[in-house]
Structure formats: structure tokens, C-alpha cells
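Student: I have a structure to go through with you. May we begin with its charged contacts?
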Amino acid sequence: MTLAVFFGCTFIAFGPAFGLFIFTIARDPLRIIILIAGAFFWLVSLLLSSLIWFIAVKASDPQDERLQKGLLIFGVMFSVLLQEAFRFLYYKLLRKAIEGLVALSEDGCSPISIQQMAYVAGVGFGLMSGAFSMINLLADALGPGTVGIHGDSQLYFLTSAFMTMVLIFLHTFWGILFFHGCEHRRWWEIAAVVIMHLTVSGLSFCNPLYVGSLVPSYLLMAAAAAWAYLLSGGSAQNLRRFLLCKCCSRKGVGDTLGLVGYQDCCWDGERLSQWLKQEHHPLVSQTRGAGDFLRPWSGCYLSLEK
Amino acid sequence: MITFMNNSDSEEEPCNERTSLMSAESPPVPSYQDGLQASAAGEAQAHRKRRAGSNRGPNNIAGGEMSGSGIPVRESALENEEEELTLKYGAKHVIMLFVPVTLCMIVVVATIKSVRFYTEKNGQLIYTPFSEDTPSVGQRLLNSVLNTIVMISVIIVMTVFLVLLYKYRCYKFIHGWLILSSLMLLFLFTYIYLGEVLKTYNVAMDYPTLFIVIWNFGAVGMICIHWKGPLQLQQAYLIMISALMALVFIKYLPEWSAWVILGAISIYDLMAVLCPKGPLRMLVETAQERNEPIFPALIYSSAMMWTVGMAKPDTAARGPSQQTWDAAEDGREHLRSPSHAESQMSETRSPVPTHPITSLEELEEEERGVKLGLGDFIFYSVLVGKAAATASGDWNTTLACFVAILIGLCLTLLLLAVFKKALPALPISITFGLIFYFSTDNLVRPFMDTLASHQLYI
């Protein structure tokens, strides 16, 4: 337990979340506020669930091991349900906030969409959840000691860090899924989020059998990531074009074609060719067909054409 | 205090404590948090600056409106625009306050967790005369309540004294008081702090080096805070002195007294700013009548660097030389609509070369900044520092208090945007902070500890 463990676990647990924060949230003050408010809502849910657990424990016999274990399981499940309930409350609050922002804006558009809010809210929940799980461990990792000297697992810090990381990601994706479900009134998405959360928390009861808790959690995270990506407008085609079409800058090619405001880096070929033909764009009138413009291996083909 | 002088009274408090701590004969040094003193001193300077042709000059027509009864007139005129602008800039202002508050708290928590000096019990201030080393819980509670009563009375007396000084225009006295106070903070407390940090990390430093370091730090600080300096340097100094003051409080206030004092000072803040006869409110109104900035030099200003009020191009040339970087003009925090005398505040915040602003509305639109009294910084940091010092070595409590205070600040700024007048910044944040401190320490900590021991995740 040294600085190496401390820094290693910190970066494992919080590195990706920190990256997400720096690149997507830190620039926009509104998003920072939504992040902190999300963290606050998670905190309140934890407070209430701790209160219930505390009362239950105080009212019960402290010597009865099985009862205490049962109360702990109950506490964990109740906490998960309460967290999701507070996620719903936060969704309601953000909906109201969007209406307020729209009313105040100059052009009738909210400066932030509900999808972005869903993402930031998820990160807020995740960061607070991760911080509460991990910070005390990190503080202990700085001091002297031997991990697992009494026969417990020696990988305690490392697995805690990995579990924290996966939980932060999961909260982010659950935020997107949950808000999408609330927006479009799809109860099964909401139910899926709740069930996933209960599953991940329940799997953590397998610890220290880490293969039973970490591996399924990561698989669930991958599934949630894919689902959230699809719900946010992503597709396999988008992903492929993004990965292949590296040097296309949005702005350059967009300006070339006069596609103002087109968001994606790599466009859907069919849509673009249709649009070009429709607009009788000068580039299309050349001998090459529109489809030729969009072959990824030509690199910055559109700028070349210009 | 997010709006007008919320913190003036809270600022007076440390001054007294320091005085009694140092020596009985020392003159009453104004506390940093004494916004009144700060504002009075600032006002004196602002007064001089105004006569020197501040950007109010060109706005004589508008200025006439602004002074005295003009303020409501202006407000009604710009009501709609202001409302939009206020809310449009709202999120940015919140972040402009989140960052310094967070920095101050980080400095305090880092010091508390590493330097043992500030958590050792080493006597009490004269403002908390009753000791808490009593055998019974009831006696201890009674002593802490009595300590609070003494402290709050001192604060009330000092605030009223300051309001009287301000009312009778004893600007020089207030100004001198403020300077002495900053001198003590910047030199003596920094010296003590540096000494303790060096002791903690076992770093040797010879006296000549120490002298040069402290001298430079203190001299630049005095210049930045009371005269002119780069905005960010001034902000950094204000954050540092707030952190130093908070550390003094954390060290010298006994356990239970600290919590009761935090609660009581929020209530006092609320009453002093909102009640019609509250000293702080009277101070704000007097300053508005005289059209002077309130509480300069003891208020953290996050105003953006607007050019000096250039309503007319001919004043633009004079602007920067006279008004740029007037650190002393920083007033208390108030998310004011531009129609207030705030425009003078913003004028001091512009080191950028002037560019002519053709309309007053434009000028005001750019001048939006947020000001928060240093007393607010200090008491937020006291709360979080106490949580870090006494919460059973638990970081969750510190984190919970931190988030609670930030949310309270956010809500207060929201109310400020809605009501557009001076509001106390302490009550909501301190209430949330106290609730979260006690509940996290007693309810959440056992739950999280049990979960961690079984490596469960929720």
C-alpha cells in the first residue's frame, strides 16, 4: 500500500470519468450545474436509504448474524430502488428546467437537450456513487498496511477500483436509457435499468469471488453501452464511418458541400447522395457520381474535389 | 452574502478575535469579513474614483436615474432585457462562484488533513469564553450556546458600529481598520501557516528566505487587495485570506460551539439582510442612496473583464488609466442588474484596452459579474473543514458537505436571479451543510462502512 497503489486505483476508478468530465462537461456551465445537482440527488437517495437501514438495524438484535445479513441485503436492494426513484425525480426536475430554459431563450431552443442532460445526470450519479465507494479506500491505501493479511483477498483495492469504474459507466448509460424511457414512455427501458442495477448490486454479493461479480458487470456495461449508443442515434454504420473516416473534419467537408449544421463526421452515404442530386450541387454535376464521394478510402475526398 | 453585504457582520467577528488573540492593547483591527468596513473603505476609494471621472460620467443622464431613486426607474426600463440577461448569464455566474468556493475549500481541507496544528486544541478565543471540557453533556451544550450568544453579540455590535461609521462617513477610520486587518492576515497568519506547513513536511527554511517570501507575498497582497492588481491575482489572494481565516476559526472554536455558531450566524445573516431594520440592509440602502459601491476590498468579485464603462467614446480614452484593475472596488456579492451602481464595480474590473461601447445597455450587459462576500467563503470553508477534521476520518462526510454547500449556493443564486436584490448567501448552504454533515456522519457512514467491509456496491 503505497503511492503506487493509490495513484493506480485512483486512475483506474476515476480516470475515464475524469476524461468524460474534462472533454464533455467542463466547458459548459449548465452541464456542470446539472452534474452537481445529479450528485446531490444521489446523495439524498443514499441518505434516505441509510436512514431506513439504520433504523432497521437499531431496532433489531445486533447478535443475530443472519438477521443482520438479511437486513444488509434489504438495505442494498432498497437503496438501489431509491436511487432509481430519485433518478426519476431528477428527470422530472430537468424536464421542468428545460421548459424554463426554452421560455427564456431567444430562439425558442433550449441550450441543452434532454439527451445531453440524461448523459450528464448519469455521470453525476456515477461520480457520486463511485466517490462514496472509493474515496475512503483510497485514503486508506495511502497509509501503511498489508492487504488481506487476515486471509481476505489481496486484490481488494484493485477490484474495488475496477468495480467503481464499471459502476460509473453503468450509471452514465443507465441515465441515458432511463431518461429515454421516460421521454418516450417506454416502461420496459425503465424496468430494464432497474433490473440491471439490482443485478449488478446483487452480483457484488459474490465478492470476493470476483469472477462472479466483475465479469458479468462488465458484460452488462457493454450491453448498456451499446443500447445507449443506439438510443442516442448511433448505428453500426456511423461507428464504422467514424473509425475509418478519420481525416474528415466536420466543418471542412460540411462547408465544402454547404451542409451547414450537419452534425455527423461521416455521413450516411445514401442520404448524402440523394441530397446532392436534389440540390444539383456542382460537385455532383461532375463526372463522378455522388457515391464516389463517400468512399472512405479516398480520405478527404470532398476537400480534394473542391 | 450573495447579494449585498451579507457578510459584513460575520466579517467583523474575526477581527475581534484576532485582536484579543494577539494582545489586549492592539487597536481594533477590522476583520476581513467585515464587509461593512470593506465596503466603506471601498466606498471611500470609489468616491474618489467617481470624482475622477468614472464611467458614470458619460452616463449622467442615465447616472441621474441611477443615483438614488433612479435605480428603480432604470430597473423598470431594462426589466425585460435584464431578466433575460440575468438568466442567460446565470449558469456562468454560478460556475464563477463554484470555482473559488471549491478552491478555498480544497485549500482548507488539504491543510486540515495534513497539518496537524490546525486540529490541535490550543486554547480558545476570547469570543468563546466558556470551555467545553465539562463532564456532562448538558453543561457542554449550555456552554456552547453561551459561547454562541457571546460571539453573535460581538458580531452585532461590530456590525452596528460599522454601519454607524459608514452613515457618518468616517471613511478614513474604516479604511484604516481594513488595512490593518489585511496586514495582520497577510503577514502574521501567513507566517504562522507557512511555519506549520514547513514543520509538517520537515523542510528547513532560513529566516532571510522566509522574510523575503513573506514580505513579497504580503506586499503584493496588500496592493492587489486594496489598490490595483490583476483580477486573478486579487481573486487568488482573497481566496487565500479566506482560507487562512477559516483555518483560524477551525482551530480556535470549540467543537460544539462551532456548529451552533454556524447555525446562529446563518439565522443572523438572514435577519440582517432581509429585515427592514437589519444593519446590513441599512448599509446596502445607504450605499445605494449615496450611489457608492459597497464593501470593496472584502468582497470576492468574479466580474469579467469588461472595458471600463464607455458609454461615451470620449471617456474611453480616460477610462483604463483611471479605473482599470481597481481591486478595492470589489463589492459584496450581488448578482445585480446592471442598473444598479454595479456598473462602477465592473468598471474597475477591466484591464482590457477600452473599446467604445455605444449604449449604456451594452455597457451594463457586459458588466455582469458576481460578487460574494468573503465571510461566506470563510463560513463555508469552516463547515467543510470542521467536517474534515472531526468526522471520524471519513472523507464521505467532507464530500457530502461540499456538494451540499455547492447546491445551496446554486439555489441562492437562483433566488438572486429571481428577486434581484441582496440576499444572504449563508442560510441555505449552511443549512444543507449542517443537515448533510450530521446525517452523513451518523447514518451514512455506518452503512457505507458495512458495505465496504463486505465489498458490496449499491
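Student: How many salt bridges are there over all chains?
Tutor: The count over all chains comes to eight salt bridges, a salt bridge being a side-chain nitrogen of Lys or Arg within 4 Å of a carboxyl oxygen of Asp or Glu. This is a predicted model, in which local features need pLDDT of at least 70 and side-chain atom pairs count only at pLDDT 80 or more, while totals for chains, interfaces and linings use all residues. Residues are numbered from 1 along each chain as its sequence is written, chains are lettered from A and ligands numbered from 1 in the order in which they are written, and side-chain values use heavy atoms, with hydrogens and water left out.

Student: Which residue forms a salt bridge with R140(B)?
Tutor: The partner is E132(B), with the closest N and O atoms 3.2 Å apart.

Student: Is E132(B) buried or exposed?
Tutor: E132(B) counts as buried because its relative accessibility is 7%; buried means under 20% relative accessible area, exposed over 50%, and partly exposed in between (1.4 Å probe, protein chains only). R140(B), at 21%, counts as partly exposed.

Student: And what does E84(A) meet in a salt bridge?
Tutor: Its side chain meets that of R87(A) at 3.0 Å, N to O. Both residues are buried. They lie three residues apart in helix 3 (residues 65–104) of chain A, about one turn of the helix; helices are DSSP runs of H or I, at least four residues, and strands are runs of E, at least two, numbered from the N terminus.

Student: Changing topic, how many helices and strands has chain B?
Tutor: Chain B has 17 helices and two strands. Of its 458 residues, 61% count as buried.
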